[in-house]
Amino acid sequence: MAEKIGRVPVREQDPAVRAHNFEEVCYGYNEEEALLEASRCLSCRNPRCVEHCPVGISIPSFIAEVKAGRFAEAAGVIARDSSLPAVCGRVCPQETQCEGSCILGVKGEPVAIGKLERFVADWSRAHGGVPVEKAPSNGLKVAVVGSGPSGLACASDLAKLGYEVTIFEVLHKAGGVLQYGIPEFRLPKERVVEPEIDSVRALGVRIETNVVVGRTVTIDDLLDREGFSAVFVGSGAGLPRFMGIPGESLNGVLSANEFLTRSNLMKAYAPESDTPIFVGRRVAVVGGGNVAMDAARTALRLGSEVTIVYRRTEKELPARAEEVHHAREEGIEFRMLTNPVEILGDEKGWVTGLRCIRMELGEPDASGRRSPVPVPGSEFEIPVDEVIMALGTSPNPLIAKTTQGLETERHGCIVADEAGATSRPGVFAGGDAVTGAATVILALGAGRRAAAAIDAYLRSH
Amino acid sequence: MLTPSICLMDVEAPRLAAAALPGQFLIVRARPEGERIPLTICDYDRAKGTVTIVTQIIGASSRMICALEEGECLTDVVGPLGCPSDFVSEPAEALHGRRFLFVAGGLGTAPVYPQAKYLHERGALVDIVVGAKTADLLILQEEMASVCDHLYVCTDDGSAGHHGLVTEKVKLLLAEGHGYDQAVAIGPMIMMKFVTLTLKETGIPLVVSLNTIMVDGTGMCGCCRITVGGRVRFACVEGPEFNAYEVDFDEALRRQTMYRPQEQEADHKCKIGRG
């Protein structure tokens, strides 16, 4: 029976309409659609989807609850392993994780696990959320640096165990990349992100915004002077990379971080916001990850004509398949096997074009990946007046620089073991600050493991 | 208000006041929809837990900050940001007797104050050249006089002190035989450029504090990037102070104009700019 119905399509905003607004693209399943999609799950005895979920959510179990119409129970199953299901249902790269390993995907389409997770999380939030058990306070204070996915996950687990947790956030709003990085049309702030953060606060976690750990206070201050027994560093990877090609300092060249922070955190797209944003007539976005898609689609919504320039092929695009699909539907142009060599400007120093070279995939390198090599003499120009660089980000060195005895590796990532323990006793780390830029779900998993390790550490001290 | 367009306020921010050092800055937002505005730290009182900021009305956001009355709150204050001045890491005895020349232009007077105060307290010899368009725009004159050995005032229209630019006064001082071991210039980018050109020949080390465009101020957005010694640097986390002789001022001046069309239109609410 299961094979007879195909994957239930999810309702979305019309591409022609959504290209001009910041409303969420995907409407998600309603109850009827969720029940139908859940009925496709084969409830495998050895579920490969669970193995491929970075936090090991009991996927067939929660889907079984959905099948039975017990949505609150389904939310309870997910909550055992993930504290941000409404976020992860929207932003996880399901096609390379749970859905990518679904047995139905071998011959047909995998179960829409992400959409079901999102449905359950949204339903649960609308119906009062999952009740949580919280141990009585043990009087021990733990500091969490950064209110992104890893920090929120770590803080909520520690709070449930009875710790008094304070999160220090450098920006004026909590949420980290969920707030400044991922756009409203993919992850609504008021409807999804803020309730998730409120639920962490409801556990008794304090969130202090506008605190630059490393400047306003140091980790040494927190441990030695402010009475914290342990610190978790989840400061993310926020430092934008540039290419180092001529013309990168011209007016009209921005990092995707700048463009997205102005639009997402500062709400520059909204008339009531005071923050300006630079919108070119023709914009080139360089890169092929989720951040590149987000920047491109934001520029499009602000009225630009947008081209994505990527040096490999469609197959290697690191972005979620759904984002690439949505970007295409909305009218973003893709130029694959193309790499910028220079940004051109006018006599006043404003961008006029992007000089590129065509690439081809060469022999596989040591890692087995075919690396792109330039085709000699194939340079050409794309006329643009804005270039957005979305080439990835690195961890901010501030914390490592200002904390005694905290080891980092050559890319600036904090050195931590599987459980999050760093070279400094009492200091744990996880998420992008350790791995370099990765995904929300991996950061969440790291935050949870570190919470367990902090608990074990404090019990033995 | 120090002048009709410049206001001074003490802001309660105990953690910030406890950590602030000369050379650093902070970021404020005046309302929930407000921009993040970087401002220099003019003074800090660790005992009272306050920092002093000076703001000049140049657009919609700075007007909002200056419109706040005593007792009202800024929506957000974050800092200290950036690196402290290099001399902060030197022992007091190394600073004792060292001859400093500060050149302050307009609002740049505010960030010069804590530096001069810090050095003056440690026995350095401090001369300050302050420039403004007219006498009405001179700020913090008594405070400045109290933290230096000599205060020289210049105004563009001659309404106070030397009639002319700060660079002319600096040249005069040098011609009169004043010697300096180190110089610091803080003010409008164009002034810092010309002070740099003026002092280049003398061999006196010169530091400038760059007031670039910023969003987060913590290294995330990269819009503060400038070229120093042929390398791209982020003013917010690697600065704001740099060796003046290595700064590409023409690029820095140009990059300051990136959002100017939107800023000029901010009052009538059309801030989505076109290239």
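Colleague: How many residues does the contact take from chain B and from chain A?

Modeller: This is a predicted model. The contact takes 42 residues from chain B and 40 residues from chain A. On the side of chain B that touches chain A, the elements that each supply at least two residues include α1 (14-19), α2 (60-66) and β5 (76-81) of chain B. Of these, β5(B) gives the most, with 6 residues.

Colleague: What makes chain A as compact as a globular protein of its length?

Modeller: Chain A has 18 helices and 17 strands. Its radius of gyration is 23 Å, and the globule rule gives 23 Å for 461 residues, so chain A is as compact as a globular protein of that length. The C-alpha atoms of chain A fill a box of roughly 65 × 60 × 50 Å along the principal axes. Buried residues make up 54% of chain A.

Colleague: How do you know that chain B is as compact as a globular protein of its length?

Modeller: Chain B has 10 helices and 15 strands. The radius of gyration of chain B is 18 Å, close to the 19 Å from the globule rule for 275 residues, so the conclusion is that chain B is as compact as a globular protein of that length. Its C-alpha atoms fill a box of roughly 55 × 45 × 40 Å, taken along the principal axes. Of the residues of chain B, 51% count as buried.

Colleague: What makes L140(B) buried or exposed?

Modeller: L140(B) has 22 C-beta neighbours inside 10 Å. The cut-off for buried is 20 or more, so L140(B) counts as buried. L140(B) lies in the loop between β7 (125-132) and α5 (141-146) of chain B. The phi of L140(B) is near 55 degrees, a positive value in a residue other than glycine. Most residues other than glycine have a negative phi, and most peptide bonds are trans.

Colleague: Which peptide bonds are cis, then?

Modeller: One runs from G79(B) to P80(B), with omega near -5 degrees. P80(B) is found in strand β5 of chain B. Another cis bond joins G239(B) and P240(B), where omega is about 10 degrees. P240(B) is in the loop between α8 (235-238) and β14 (241-243) of chain B.

Colleague: How do you know that the buried residues of α2(A) line one face of the helix?

Modeller: In α2 (residues 31-38) of chain A, the buried residues are A34(A), E37(A) and A38(A). Seen down the axis of α2(A), they fall within an arc of 100 degrees, so they line one face of the helix. An α-helix has 3.6 residues a turn, so residues three or four places apart point the same way. The buried residues of α2(A) pack against α4 (59-67) and α8 (113-126) of chain A.

Colleague: Why are α4(A) and α8(A) called oblique to each other?

Modeller: Their axes make an angle of about 60 degrees and are 11 Å apart. Roughly parallel needs an angle under 35 degrees and roughly perpendicular needs 65 to 115, so α4(A) and α8(A) are oblique. The crossing of α4(A) past α8(A) is left-handed. I59(A), F62(A), I63(A) and V66(A) in α4(A) meet I113(A), L116(A) and V120(A) in α8(A).

Colleague: What makes α6(B) roughly parallel to α7(B)?

Modeller: Helix α6 (residues 166-175) and helix α7 (residues 189-200) of chain B pack at an angle of about 25 degrees, with their axes 9 Å apart. Angles under 35 degrees count as roughly parallel, so α6(B) is roughly parallel to α7(B). The crossing of α6(B) past α7(B) is right-handed.

Conventions. Residues numbered from 1 in each chain as written. Chains lettered and ligands numbered in written order. Predicted model: local features only at pLDDT ≥ 70, side-chain atom pairs only at ≥ 80, totals over all residues. Helix = DSSP H or I, 4+ residues; strand = E, 2+ residues; numbered from the N terminus. Rg over C-alpha atoms; globule rule 2.2 N^0.38 Å. Buried ≥ 20, exposed ≤ 12 C-beta atoms within 10 Å, placed from the backbone. Arc of directions from axis to C-beta. Contact = placed C-beta atoms within 7 Å. Axes fitted to C-alpha atoms, helices over the stretch in contact; angles between N-to-C directions. Parallel < 35°, antiparallel > 145°, perpendicular 65-115°, else oblique. Left-handed = near helix turned anticlockwise from the far one by under 90°.
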